[in-house]
Amino acid sequence: YITLAGKKRDKIVKIPRTRVSFSESVTVHADEDLGDLLMITLEKEGRSFLPEFGWYCEYVKVSNVKTGKECVFAVFNWVLRNKPVSVIESSARKSFEGTKELEELQEQLRQGIVQELHEGSPDAVKNTNPVFRDLHEEMKFVDLKKVFDYVNYLEGIPKPANFTPAFKLPKTLQYSLKKLVGYGSAAAYTASLETMKKIRNLGRTWTRLDDFERIFWHPTTVADYIYRHWKTDELFATLFLNGCNPILIKRCTELPQAFSALKDEKLDSGNSLSAEIENNRAYVADYSILEGIKPNVLDGQQQHVAAPICILYEDPTKGLTPVAIKIGRAPDDLVFRPKDGLAWLLAKLWVRNSEFYFHELSSHLLRTHLLAEVFATAGYRCLPYTHPVGKIMFPHGRYTLASCMNARNNFLNKNGFIDKYTGVGGGGQFDLLVKAFKLVTYDSLCLPDDLENRGVKDLKNYYYKEDGMQLWNAINEFVNNFVDCFYKTDDEVKQDSDVQNWVKEVFENGFLQRKESGIPSSLDSKQAFKKYLTMVIFTCSAQHAAMNNGQFDSCAWVPNCPTTMRKPPPKSTEGVTEEFIVETLPGIKVACRAMSITYLLSYPGEDFVKLGDYPEHTFDEPEMKRHTEQFSSKLSEIDLSLQARNNELIRSEKLPYVYMQPSMMENSIAI
């Protein structure tokens with residue numbers, strides 16, 4: 001059924017028994033003049049004893065055969081049995097725009113969603129406009145701020161949405177059947193391979209580093225490169241720039257006290273370490289955040305966590321090069337050097353282990369998933385779907401709530417992957433999240449500011465920086481055009497209560513009112529709005545791709561990215577043997593599981609929507625259609641240039657950086 005409601009007060013035409021087949025479109029006719037259309041309602045009848053087969057409607061286009069005028073109603077929603085869906089005409093409009101009738105409708109639809117057909121209900125919303133009175137008396141509206149609410153999952157981190165498990169989400173926000181089937185198939189495939197690997201290694205242990213080849217499977221180009229070069233200092237340093245976690249390294253402005261004995265030592269560049277610091281060519285990777293994190297116990301064996309610090313410098317010929325590593329924080333803990341042989345290799349593995357913890361919980365889960373969940377939840381609560389910001393933001397929140405709920409249930413919670421297969425489970429993961437959240441700032445989420453503050457703008461072969469800035473600029477240009485299209489003055493931004501409420505909710509529930517974070521609680525200008533919206537879209541797309549898509553590449557060869565360490569750091573360099581190293585690295589069960597999980601986390605799956613692809617009729621304004629096409633075209637140009645660069649790197653036997661190629665980057669956090 002479809003109901004068309006126009007401006008003429010005495011004209012509501014209900015067209016009953018409209019049959020929607022499995023075809024892509026259906027056409028119906030209404031032989032009455034309704035005036036300008038304001039709203040439509042879609043309904044689907046069915047028998048309660050039959051299985052529910054929803055109808056997913058993308059949009060409804062209504063043409064006036066007399067005037068030739070067309071109205072588009074963007075639905076993009078599931079129509080379920082006896083649960084009407086009402087939408088108003090889709091032209092983008094802000095909270096202070098529109099006719100009286102549209103303002104009334106927009107307020108009603110912003111406050112509530114049609115939950116079920118509810119005839120004769122005394123608590124049904126009353127509509128003072130007689131055109132819609134009869135229609136609305138049939139419907140029970142539910143306050144969106146009660147449907148989408150926040151819960152205190154863990155004190156000190158962003159508040160998640162109040163849906164557990166994910167199947168309790170509104171159907172429109174759940175994974176599609178295509179995506180579920182794809183992930184189910186991938187999960188079954190990896191589970192079978194994992195089981196086979198375990199069976200083949202029953203009763204066996206590691207005795208040599210090469211034994212990890214027994215479980216190494218399905219390498220990608222990058223994973224194979226890491227497997228062949230993982231022992232080299234060159235790859236170790238490169239992964240700080242172009243690995244899974246390229247946002248930790250920063251310029252070293254003062255040599256840490258633990259390395260004071262090295263300040264006058266000559267490096268391969270011919271300069272001392274102190275001179276390289278003065279020349280702004282020294283860098284540091286500091287994992288002090290891990291200090292004090294309680295280590296896990298796996299299968300009755302105590303695991304170990306360290307908080308290493310690594311000093312590097314940019315050699316004129318070799319590029320970024322590690323100089324020294326201190327694994328522990330005690331004054332008498334060793335400082336390891338490249339000349340220390342196997343002890344140096346083990347020190348690098350401790351850094352890679354700490355990198356795994358920091359990346360998974362801070363850079364990936366916290367700074368992309370958990371923040372994007374708040375962006376989306378606040379958007380559903382505050383932004384009408386006809387609001388221009390709602391129209392541009394909702395595609396960037398596609399599947400995000402479902403993804404985050406699965407991450408908490410299967411990855412973070414008790415008996416999840418972190419708890420059962422890593423060294424920071426058993427509660428340490430939550431302590432680390434809280435500590436990491438205190439370091440999240442607005443500047444650190446805005447790539448140009450982050451690169452400036454970390455002092456890494458001049459680092460060479462830093463492809464995350466180069467690719468990221470191309471994408472930031474492309475997104476920013478699109479956002480600038482978007483804001484200029486819908487907001488003519490700074491005052492219009494200030495007057496838009498929907499946007500201001502959205503930003504306020506993100507500040508309150510995402511950043512817990514931490515003023516020191518620098519995140520705005522309101523927007524007072526177009527320029528501030530442009531930066532904020534660019535940050536949100538970049539976080540939900542490009543930044544997540546950079547943090548997510550390379551997880552299997554890094555973890556496929558287990559020694560490169562150990563998820564736990566079974567022995568404490570060595571107290572001397574002399575006692576480090578190959579046997580000691582393999583006894584420190586994860587056992588067979590943990591290693592197999594780590595590969596399976598990171599494969600699934602990196603798996604793009606079916607139902608993939610790449611960055612820049614917006615649903616048809618997201619915008620029907622000619623100017624925005626043109627800007628959207630320009631954005632898509634710019635992303636295609638970037639993609640071609642990055643493909644050419646990566647192909648050249650592969651030919652030169654160098655590590656390619658593929659994680660920020662637009663064609664491989666999803667429009668939202670959907671994994």
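These legends walk through a few close-ups of a predicted model.

Residues count from 1 along each chain as its sequence is written, and side-chain values use heavy atoms, with hydrogens and water left out. Local features need pLDDT of at least 70 and side-chain atom pairs pLDDT 80 or more, while totals for chains, interfaces and linings use all residues.

**View A. The largest nonpolar core has 153 residues.** A core here is a set of buried Ala, Val, Leu, Ile, Met, Phe, Trp, Tyr and Cys residues joined through side-chain atoms within 4.5 Å; buried means under 20% relative accessible area (1.4 Å probe, protein chains only). Val 389, Trp 502, Tyr 532, Leu 533 and Met 535 have the most contacts inside it.

**View B. Leu 533 and its neighbours.** Skipping residues up to four places away in sequence, Leu 533 touches Val 389, Ile 392, Met 393, Val 479, Phe 482 and Trp 502. Touching means heavy atoms within 4.5 Å.

**View C. Another core lies apart from the largest one.** This one has 15 residues, among them Leu 4, Cys 71, Phe 73 and Val 75.

**View D. Helix H5 spans residues 221-229.** Val 222, Ala 223, Tyr 225, Ile 226 and His 229 are buried here. The buried residues of H5 pack against helix H6 (233-242) and helix H19 (551-555).

Methods:
Buried means under 20% relative accessible area, exposed over 50%, partly exposed in between (1.4 Å probe, protein chains only). Helices (H or I, at least four residues) and strands (E, at least two) are DSSP runs, numbered from the N terminus.
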